[in-house]
Each structure stands twice: as structure tokens, then as C-alpha cells.
Amino acid sequence: MRPAGYWRELGSRRLSRRRMLKVGAVAGLGAASLSLAACGGGQEEELETTETPAVELTPQPGGRAQLGISVDPGSLDPNLSVVSGFLSCRIHNPLHAINMDTQELVPLVAEALEQPDETTFIWRLRRGVRFQNVDPTYGREVNAEDVVYSFDRLKAGPTLNDRKLLTRYSEGYEATDNYTFRLRTNRNYSPALDQTGNFSYCVVPREAVEKWGDLSTRAAGCGAWILDDYVRGERVRLRKNPDYYRAGRPFPDEEEWLIIPDTGSLWQTFRTGRLDYSNVNVDKFKRDEVKNDPSIAVVESPSLYTINCYIRVDRPPFSDDRVREALDIAIDRDDYITKLYFGEGKYNGPVPWPLEYWALPQDELRSTLAYDPEKAKQLLSAAGYGDGLELQAPVPNIGDCPQVATIVADHYRKVGANLKIELKDLGVYLSQYLYASEFDITFFLNLPYMEPDMPLRSYYSQGQNADKNPGMSNDPQVDSLIEGLWEIFDREERRKAVLDVQRVLLKKHGPLYPLCSPEGYVGYSSRIKGIQEGTGVVGWLGISYWLEQS
Amino acid sequence: MIQYILRRLLLFVPVMIGVSILTFTLMRIVPGDVAAIALGQNATPEALEEFREANGLDRPLPIQYLDWLAGLFRGDFGESYFHHSAIRDELAHRLPVTGELMIMSVVITLVLGIPAGVIAGVRPNTWSDYVTRTTAVFGLSIPNFWLGTLLILLPAIWFDWTPPFGRVSFFDEPGKNLVQFILPALAIGISSAAGVMRLVRSSVLEVLRQDYVRTAWSKGLPERTIIWRHVLKNGLIPVATLVGLQVGTLLGGAVIAEQIFALPGMGLFTLQSILGRDYLAVQAIVILAAVTYAVVNLMVDVVYVWFDPRIRYA
């Protein structure tokens, strides 16, 4: 619950989606074969994967992993903090998770999920799942009342985590017996499955919250890792939970997450071998630096944290369709990728490309969002702005927002639109501009999400609070289309429908102009094996990798 | 002298009250609703109101101020709006880091700056003077963020070595602690040393022209005795002022050095608190900084007397 710090830290956060990119002579990383098997065609062909036969590796227990991050999580409370998922999922577990690569449901605290009808979800808890053997839980078994308590806690907030399921679409939830938890929605709501698999729905013990007030720096969870120590601004220390319900996991004995805010220092510390992992984006210059270093592996890890361009569509100039279309196609997205990501990026649609299962194909996005300054000028002229257009753009002074605004301003200048960038302090920007929708056009980071409903609803329809979206768009057709997605429970059908809705949204050119996201890579030391068997929450559990013992 | 010190200590009280009022007012005037920042876009109007009520932000400003002041006298700085941790605990954790960095920086400043300044002052317009003055110009020109980055980058590239991150206390692992702090202390100390060097040089040049120094030469005293006992002692008065100011500034935190070397000190905490409108944290930090400046200034005044016994305070 630290919005100001959270926004500032976003730029370097990573989605833990992993596919092996072979750089250098790194051999025997079995995860390469795992991920190649898990993913289908297209994207893998672009990677520089070497032809390594699938090698059966035996996990080795033991060892201490030293991991570096540039982001201080601020809070490890899964229900209340939106930043800390990659750590809080190690300590706490939700009922299930969705593997973002395969879209399979991965049972965690629950061993089974039934859906007798479209508005009823029943989780059967796994017997023998225990909270960690630490004060104040002392290894007691997790029961359905704990799930009720955790859901209550999330619902009560306040938190940036998306909890619309509980606050708006839940008819109620209860523990029908010690091992059965039932949730009923008040309407068909298919995102429920994705959202309850999010880290914010982790199961937490009441007695720990009552003792400590919150779980920001202390924890007693049911996850694979026990929190030993969290010192803000310094480190997080975890040790293996010997009673974890997946016997034998995790493999290492300890993890130490060092917080090194400066990405240059973090990269050098990783490169010199002091760390086993760093979340610094390994751009092509850094990859070049380590290409002949067999002790380092680089893994693709695109980030969900992208910068959005919001436009205010309920008043001139963006209330005019022609202006909206003009300024959308006036953005040279290839130039944007070149300048901001050194050429390593892809186009976003309304659902950003890292959410690959739900995102529009790249060739379609490139065609739909093709740069066309001549047409943009014609449209502006037709709309009465042939002599020029002045736009006010308050921009927060965090992350890449100023650079993005500058790049877009440069593109707009070529079509006769003058973007007046006003850099603002983050606190002022949030309260006076973004939340109040006081802008013609602005650039800001998105909130994290791992399923498509949240970006579509938040930015194009109901908004975060179900009252307005930032661009003040009020389009019943769009609302209806997005709500229509909730009726579809078959995953593949829903995917097709989500893609169709995005196509409609792109034609409307607003209230959000999707920009681009970097391709993103992170570095691991070669002693880390078996990196992630899945992605998103599944990857954040920290139960798949092991350390090669020399 | 004792009376002077007591009088200065008594003056702390109105100064601190003035600082507290100014800080409190300025933080409230700065735009940006702390409740909206804390709770984010998801916050309903009811939640915002609840937040304000829970943190006493809905009360009249004079009441908020008096409440805070009363807490201050009890040693209670309040709770962070974002971390829900006691600000006192946060300060207690960060002050030693900043304190150690400050001490090491000052030591480096003095160890590098004073001898260099003396050499330049005693041997004006010689090659040693030119070298030290040129080095001082570089030291003053180089931004400490660049120097700090180089101190990480160059050893990493040349020797495949970086300092160990993950702060340890000096009392637990003194060797590792010193290795962690020496580079940031150098990054800060080098530019300060350059300033001290130039000041010492000009002070030494001035003092060397004094009659008592000429007398000392004519008495046949060794050069070392003249320089270190007579010249330097009188030449260090302005240096005391400069170092005093540096100590006060550093105690507010060296944000850039802390960021580059991952030291959880006061600088980053201050920056985060200001940007997040964590009112109580900022107020506590400012009060602490004001007290530090006042105490350090007093110590500098006392040190003057040691340097020059002719100085007397009424």
C-alpha cells in the first residue's frame, strides 16, 4: 500500500515469464527444453535458441541463492500490496494459479476446483497444507475459514490490488466445511478464475495479522519459503519451509534478496558473480558484454509494466474521432521502440503483448497501428486543426514517462500538433491530474495484471472504481462488449472474443493509445538450474529451481 | 565559555519551534493529497475519508501541529502513512548508516584536503602547488554521482570485483563494513577534500605572512614545527566552518551515494518521504537536521576557541 513508491519502482519490475534464450555456451539448462515444449511455434523461432537436446536433470537440494533486485517491495503483504507478488508468493500461496503459458490451472492450497454452474466456484482444500512452523501459527493446518478471512481482508482493503470480484461481483463466499470454500458471483464472471489465482488472493492466517497488524515485514504463510528477515531498503531473507505441502520443495536452503536500487551497480554486482540473479533488463549492450561468459545465462523476461498514453475523450480535441485517429497513427511506434528500447520491443494492443495468450498478433498490430503521418495531417485538417493543435500534457517525473512524452511530442510535431509537456511531481500528478482526469493527454504506468479483464475494464470501460476510466470514455457499446466477455467460460472461446474486442477498441482510437513494451531479458548465473516450470504466480512460488552444487 | 554554551543551548528551543512550525506548514501547503497518494486509484471517497480520519488529517491544522509537537517531546515521531512503522524506528535504523558515511567522508576530506592544502600553501607556485591545485579543480568539477558510478564500474571491469552489498554493521563484520563504506565515502569525500584543500592553501598563505610566523622563522624553529603548530592551527578556522557545514549536510543524507552503493541511509528515506507526502517522516527528518546543524555549529564555535585562544565569547 505504497502508491507513490510503487509507481516509482515500476519501471524495473519484471513479469516472471521465462523462456530460455541461449547466449554463450551455456549447456545443460533443462528448462530450455521445458519451455520449448510448453510454448507453441511463432515466438520461439525468433529466439537464438541453440539445438540442445532435452537433458534430464536431477534437482540438487541445498545451497544459498543470492538474488538482486532494484525494487524495494515495501511490503510483503499479499492482500494489501500490489508490488510484492514475486516475493509474497514465496511466503504465501493462493488457492490455485494459472500458468500463463499453458493457461492451465495449477492447484496450490486447493487440490481441486469445481464449477457446478457459472456463478459458483468450489475449492476443495488440500489436506495437510500447513502454515509455517513459526510464531504465531506454529504449523497449524490451513482451513477454509482462513480463506474466508483472507478474502475478507482483501475485500476490505484499502489496496491497489484489483478486488472487483469481491467488492462488486461476489454474491458471497463461505467455508461450507473445514476443507471446502465456496464463492458465488452475482452474475456470470469468467475472470473470477484468473483473479482468484492472483497473489492478492493468497491465504493468510488471522492470528498473524491480529498479532502484527499487517504482514508487510513479518509473515507466517503457507508457502515454500519462510520469511526470516525483511529490512526495508536492504534485503529479504528467506529459508526453506521443510513442511511445505509439495514435499522436497523448494530445493535451495536459503534465499537472500539484496535490494540494490541503482541498476548499474546491480548489474555489475551480478556480472562479477556476487549474485545468482538480477532483475536488471539485459539489453543488447549488456548481452554483448556477457556473451562469452559461460557463467551467465540470459533469459527472456518481458515486463508487464508498460507506459500507457491516456487521452481525454469527452471534450475537444479528442472528442472528435478524426483527431483521435490522427494522433494515434501519428505515433511512430517503430521509432519509439528504437529510441526507448534500442530496437528491442513490440507493439502493444489494448492487452499488452507480454500477456501473449490474450494479445493480438504482432503483424496485425503493426498493420492496424501503422505510422501514417500524411493521413494524420489530413484528418487533423478535416477536423479543423490544419493550422496546428495545442495539447496540454501533464507528465509525472518518474520512470520513462518524460522520455516517452518527449518521443511522442516529436512525432506529433511532424503532423502539426504541439504537445506541451508539463513535468509534475508524482504526488501532485496523481492527485490533481491523473485521478481527476485533468489532462488532454498524459503518459503513465499501468497497474499490474495477468489477465485481460483488468486492462480492458480499467482503461476502456468502468475504470478502477467502476465509475470512470482515466480518459472519461463513456461508450455503452464498449461496456457491453467487455461485459460480454464475462459470459464466456471456455478459455479458447474467451480468447477469441478478447481478441475481437481489442480489434473494436483499436478502431475507436481511445481512450488509450497502446504504445510498446520492451522485449526484456534478465540474467541468471549458470549455477541456477530448472528455472520456472510456469509463469506468473506459478513462477513466483520459487519451487522449481535448484542450485548446482559444485 | 560555559555561559555561552548554555545560552546557545537555550536558543535551540525557539529555533526548533520556528523550524517545526515552518516545516509543518510547508508540508501541508505543498499540493498533493496524501490520502489519494497512499490509497491510489482504487480508493473510494469513503476510504479516503477514513484514511484522513485515522491519521488525524481531518482535524484543524493547529491541533494537528500541537499533537505532533507533544509527541515530539515524548520522543514519538509518529507512524509512516505508507509503511505503518514507527518513524523513530526507521530513523534509528538509518541514522547509523548515514552517521558512518558522514564520519568516513569527513575523515577522507581532512586526510586528503589538509595535507594537500598545506603543501600547496607552503610551496606556492611550485610544481607541487600546481599539481595539487589542478587536482583540486578536478575534484570540485567531478559530480559525485559520476565518481560513485566509476568507483563501481572500474573495479568491476578491470578486476572483476564489486563491493559486497547487503549492509553489515561495523560491530558484526568490521572488515566487510569498511569495504562497503569506503567507496561511497571516497565519492563524497574527494570533492569535499578539494574544497578544503583550496581553503587550507589560501589560509596557510595568509598566515605565513603574519609577523609571529616571521618571528618563528627567525627564532630558528624547524619548518615542521612552524607549519603544524603555528601556521596550521590558525589556518584551520575557516576549515572548521566548512567541515561543520558538510557534517550537517551529510547528516541529511547523501542520496546519490546511497542509491549507487545501496546504503539505506537518511538520504533515500528523505527523498521517498517527500515524494510520498509522508508528512510525519519529513517533519521528523527536518527537525533532526535542524538539531544537527545547531549542535554542529555550536561545536564549531567551541573548536574556534581551541584553534585561537584569543577568541572569546561574551
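The model is predicted: local features need pLDDT of at least 70, side-chain atom pairs count only at pLDDT 80 or more, and totals for chains, interfaces and linings use all residues. Residues are numbered from 1 along each chain as its sequence is written, while chains are lettered from A and ligands numbered from 1 in the order in which they are written.

**Confidence in chain A**

- The mean pLDDT of chain A is 86, where pLDDT is the predictor's confidence in each residue, from 0 to 100.
- In chain A, 88% of residues reach 70 or more.
- Confidence in chain A is lowest in helix α2 (residues 30-38), at a mean of 27, and highest in β8(A), at 98.
- Helices (H or I, at least four residues) and strands (E, at least two) are DSSP runs, numbered from the N terminus.
- Over residues 1-54 of chain A the pLDDT is below 50, yet this stretch has 138 contacts in the model beyond near neighbours in sequence.
- Two residues are in contact if their C-beta atoms, placed from the backbone, lie within 7 Å.
- Where pLDDT is low, the predicted coordinates should not be read in detail.

**A sheet in chain A**

- Four strands of chain A form an open sheet in the order β5-β6-β8-β7, with antiparallel pairing.
- Strands β5 (110-117) and β7 (170-177) of chain A stand at the edges; each has a single partner strand, so one side of each is left without a neighbour in the sheet.
- The twist averages 20 degrees from one strand to the next.
- Two strands pair if DSSP finds at least two bridges between them.
- Five bridges join β5(A) to β6(A), and these two strands form a hairpin with two residues between them.
- Within this pair, A:A110 stands opposite A:L125 in β6(A).
- Five bridges also join β6 (residues 120-125) to β8 (residues 180-185) of chain A, and A:W123 has A:F181 in β8(A) as its bridge partner.
- Helix α5 (residues 144-156) of chain A lies across β6, β7 and β8 of chain A, running at about 155 degrees to β7(A).
- For such angles, axes are lines fitted to C-alpha atoms, for helices over the stretch in contact, and angles run from 0 to 180 degrees between N-to-C directions.

**Buried places**

- A residue is buried if 20 or more other C-beta atoms lie within 10 Å of its own, exposed if 12 or fewer, and partly exposed in between, with C-beta atoms placed from the backbone.
- A:G536 is buried, with 27 other C-beta atoms within 10 Å.
- A:G536 sits in the loop between β22 (528-529) and α20 (537-540) of chain A.
- A:G536 and A:N99 are 437 residues apart in sequence, but 6.7 Å apart in space, C-alpha to C-alpha.
- The largest nonpolar core has 220 residues, and those touching the most other members are A:V109, A:C309, A:A326, A:L380 and B:L101.
- A nonpolar core is a set of buried Ala, Val, Leu, Ile, Met, Phe, Trp, Tyr and Cys residues joined through C-beta atoms within 7 Å.

- Chain B has 14 helices and zero strands.
- Buried residues make up 37% of the 314 residues in chain B.
- The contact takes 38 residues from chain A and 37 residues from chain B.
- On the side of chain A that touches chain B, α16(A) gives the most, with six residues.
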